[in-house]
Amino acid sequence: MFPRASTVSRLALGTVAALVYAFLYLPLIIVIIYAFNSATITSWPPGQPSLHWFNVLWNDPDPRDAIANSLKVAITATVLAVLLGTPAAFALQRFRFFGKESLGFVITLPILLPGIITGIAMLTWFTQLIQWGVLPGLSLLTVTIGHATFCIVLVFNNVLSRLRRTTRSLEEASMDLGADGWQTFWRVTLPGIRGAVIAGALLAFTLSFDEIIVTFFLIGAQNTLPLWILGHIRQDTNFPEIDAAAVVIIAVSIPIVLLAQFLTRETTQSSSPAKL
Amino acid sequence: MTGLPAVDATDGRSARSGSTLNPESTPSDVRLDGVCKQFGTVWALKPTSLDIARGEFFSLLGASGSGKTTTLRIIAGFERPTAGRVFLRERDVTSSAPYERNVNTVFQDYALFPHMSVGGNVGYGLRVRREKRDEIARRVARALDLVRLSGYEHRRPSQLSGGQRQRVALARALINAPGLLLLDEPLGALDLKLRREMQFELKRIQIDVGITFLYVTHDQEEAMSMSDRVAVMSDGRIVQIGAPTDVYERPANAFVAGFVGTSNVLQGRVVAHDASTYQLDVPDFGIVSVSRVPGVTELDELLIAIRPEKITILVPSDDGRIENTVVGRIVTASYAGAFTRYGISVGPHELAVVEQNMGSGPSWRLGEEVRLAWSSETNHILPGSEKDLQHGTEEASASGRGI
């Protein structure tokens, strides 16, 4: 137990904490307030509570297409990330091979690079491919590939850290009990890392869903939701409609992030003895 | 702990002597033929040959790094030997996968599948062999009954105590009716009292199911109290194989004498011999007589070892009518309930002597002068040098002395 703080210091701490939280969350709260309001311009004090702007958003084809595009890109990039990131984590944890040390770094690099660098690099590369006739042009496909490069990292890191915490003896026990390699993978290994794969996938999804910089470089004629919002802000019309769209993004991503956190926290229940 | 079997020490002993096995006459369950394992430039196991008879409780005893776990992992199929052949029931399994061997393992960390219930864990081996559901349920119930965990089918491993997990691991291995059960320090994580109880339990189960147990441990007491035979290992080699009494009473060399239990070691020069004994001149002790051993005739400098409990403490005026006596002084005494451990100085030497507390408390006081007496049969000649002995003592204390 920590010693009890005096009343004064508790009051001071409480105030500081409240200010920090306000700094972080007040902008979000204001967006939410405007989204659920009938006023046509964002001004203070807000007008009557209403779902008017959600109705506008729903009946506006542009943001609807943008949301659909964002979902397509995010889902495809996530699937790619799971299919490539999981085996990569396995390879790095389980096997010895030439270049193993640098592979981890090379895989993690895209998430460390500024988006603008990834954007320029990939745009240059894709333009070349388009000139060679390999790609028809910039499209949702090029955006998806761009997103996949950093989505892989999230799956890779999550699975790798889970694999590092699980003991090989579970798999040995499975083989010892008569299961061959495949049976062991499906019955023991996969259930052990399932949570980590899903958590990594959820984080990858949210990252892709609101990504803007790389998307901006690689997009063709279509729009994703963040790009639509960006474009709309500049036009300075129907401002609360953007607030409603922002609320949609918040409503999608917060539960996903919470779920991902819950899944990574739910570690493999230790079957090893308490004292070793 | 619930429902432990009423096995007392005498039962355990009679069971062991009753099942004394002769490796030549019983079919061999495990045969290692020149098996060795090299990791990089390190020899984890030097070329080793070994025969374990069917139904035997066989222990590999050694400190960490002695090669005992490597031996077990090679037999289980988790490691491929660098050279040599492994036979199980006379079938060459050297290159077979673990799931192709009729062998099951109890792991040191139990390795229970955390995402399965107790019943799911125990029935795992039957499920991967696609046995029928009701057959699996029946056999799971029987296996849990064997380890006294009936009714625990639906618990999760995380809800069990260490001892219970240990028994689930045992049931999971035994349900497949293996020809051989490998146990890798299975009691290492349990506290002392539970460990003692589980020793009896393991021995009872082994007698119940009648299959060969290969037990890896660094704990001498465990190895001694359960095994039919013990192999003492050091530096990737087997140093001695024998019944626990052989290993303890007649250590093959100075290493084993130092590793298993405590030994007082004296060095002396042979000055005379008759048909059954040598007479040694040991500085500060005078003439010490020791039984002759075949194969050790021409040496004139010998190491001899005496166990602390073989020495009787007498008053100085009593000669005890025993061949070997020497006068010393009590310098340390540590009372341990059933017995007292004395340190007794004889010249520059200090002998360890253990005496049962027959009366109330220790019978000797610090500083008291006493006569020590022991017979020529209870000390024995050790091949090997004092360095080996020191090595043995160090490895024993490194792995937590058991006796």
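A: In chain B, a network of salt bridges links B:Arg148, B:Glu201, B:Arg204 and B:Asp208. A salt bridge here is a side-chain nitrogen of Lys or Arg within 4 Å of a carboxyl oxygen of Asp or Glu. Over all chains, a search of the whole structure finds 23 salt bridges. The model is predicted, so local features need pLDDT of at least 70 and side-chain atom pairs count only at pLDDT 80 or more, while totals for chains, interfaces and linings use all residues. Residues are numbered from 1 along each chain as its sequence is written, chains are lettered from A and ligands numbered from 1 in the order in which they are written, and side-chain values use heavy atoms, with hydrogens and water left out.

Next come the single pairs. B:Asp219 forms a salt bridge with B:Arg195, with 3.8 Å between the closest N and O atoms. B:Asp219 lies in the loop between strand E8 (212-217) and helix H8 (220-226) of chain B, and B:Arg195 in helix H7 (residues 192-209), so the pair ties together parts that are 24 residues apart in sequence. Helices (H or I, at least four residues) and strands (E, at least two) are DSSP runs, numbered from the N terminus. B:Asp219 is buried, at a relative accessible area of 10%, and B:Arg195 is buried at 19%. Buried means under 20% relative accessible area, exposed over 50%, and partly exposed in between (1.4 Å probe, protein chains only).

Leaving aside neighbours within four places in sequence, B:Arg195 is in contact with B:Leu187, B:Gly188, B:Leu190, B:Asp219 and B:Glu222; contact means heavy atoms within 4.5 Å. B:Met226 is 31 residues from B:Arg195 in sequence and 12 Å from B:Arg195 in space, C-alpha to C-alpha.

Another salt bridge joins B:Arg196 and B:Glu221, at 2.8 Å from N to O. B:Arg196 belongs to helix H7 and B:Glu221 to helix H8 of chain B, so this pair ties together parts that are 25 residues apart in sequence. B:Arg196 is partly exposed, with a relative accessible area of 38%.

B:Lys310 and B:Glu249 also form a salt bridge, their closest N and O atoms being 2.9 Å apart. B:Lys310 lies in the loop between strand E14 (301-306) and strand E15 (312-314) of chain B, and B:Glu249 in helix H9 (residues 244-249), so the pair ties together parts that are 61 residues apart in sequence. Both are partly exposed: B:Lys310 has a relative accessible area of 22%, and B:Glu249 has 29%.

Now the domains. Chain B is divided into domain 1 (9-254) and domain 2 (255-398), with bounds that come from an automatic or database domain assignment. Their centres, taken over C-alpha atoms, are 36 Å apart. The contact takes 18 residues from domain 1 and 21 residues from domain 2. About 1,500 Å² is buried between the two domains, and carbon and sulfur atoms give 59% of this area. Buried area is the accessible area (1.4 Å probe) that two parts lose on being put together, summed over both. B:Gln220, B:Tyr248 and B:Ala254 supply 41% of the area that domain 1 buries against domain 2, more than any other three residues. Between the two domains the count is 1 salt bridge.
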